[in-house]
Amino acid sequence: MAYDPDNIFAKILRGEANAHVVLDEEHCLAFMDLMPQSPGHTLVIPKEPAENLFDLSSESLGRLMATTQRVAVAVKAAMGPAGLMILQLNGRDAGQSVFHIHFHVIPRYPGEGLTLHARSMADADELAANAAKIRAALA
């Protein structure tokens, strides 16, 4: 599959779709997942257009990993989870649903079940509040 420049993450990068942005750097963007698996679920994407891990340049992958680590530290500090999961999927059969490479930073709390994708949209005010907490932890 060729990279689709009209995927939702590409639209977010161009400012054509809204997102609760946590971090906007030269090479990466981090924002709240609209259908979070848990409070604080954050996505980290490169600004380089790439469908998956196999299409991303090594240079961009290095920057994406460093940013993902930085965001994960902030999510842990801001949200206080018992654990934290980093997830990255490649291809439809692996569960990828947006075909722009991205990492999920997913806080895990006691008693939660493990799933790959949530099924419902989160409250926008809750997402905005969680984004603010994580931005504060990044500062």
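Contact here means heavy atoms within 4.5 Å. Helices (H or I, at least four residues) and strands (E, at least two) are DSSP runs, numbered from the N terminus. The structure is a predicted model, in which local features need pLDDT of at least 70, side-chain atom pairs count only at pLDDT 80 or more, and totals for chains, interfaces and linings use all residues. Residues are numbered from 1 along each chain as its sequence is written, and side-chain values use heavy atoms, with hydrogens and water left out.

**The sheet and a helix across it**

An open sheet is formed by five strands with antiparallel pairing, in the order 1-2-3-5-4; two strands pair if DSSP finds at least two bridges between them. The edges are taken by strand 1 (21-24) and strand 4 (83-87), each of which has a single partner strand, so one side of each has no neighbour in the sheet. On average, and with direction ignored, neighbouring strands of this sheet are turned by 15 degrees against each other. Axes are lines fitted to C-alpha atoms, for helices over the stretch in contact, and angles run from 0 to 180 degrees between N-to-C directions.

Strand 3 (residues 42-46) and strand 5 (residues 103-108) run antiparallel and are joined by three bridges. L43 has H104 in strand 5 as its bridge partner.

Helix 3 (residues 124-138) lies across strand 1, strand 2 (28-32) and strand 3. Helix 3 runs at about 35 degrees to strand 1.

**Salt bridges**

Side chains of opposite charge can pair when their charged atoms come close. A salt bridge is counted when a side-chain nitrogen of Lys or Arg is within 4 Å of a carboxyl oxygen of Asp or Glu. The whole structure holds six salt bridges, including those in this table.

| Side chains | N to O distance |
|---|---|
| D6 and R14 | 3.6 Å |
| E16 and R14 | 3.0 Å |
| E59 and R63 | 3.2 Å |

D6, R14 and E16 are linked in a network of salt bridges. For accessibility, buried means under 20% relative accessible area, exposed over 50%, and partly exposed in between (1.4 Å probe, protein chains only). R14 is partly exposed because its relative accessibility is 40%, whereas E16 is exposed, with a relative accessible area of 52%.

The pair E59 and R63 belongs to helix 2 (residues 58-79), where the two residues are four residues apart, about one turn of the helix. E59 has 56% relative accessibility and therefore counts as exposed. R63, at 26% relative accessibility, is partly exposed.
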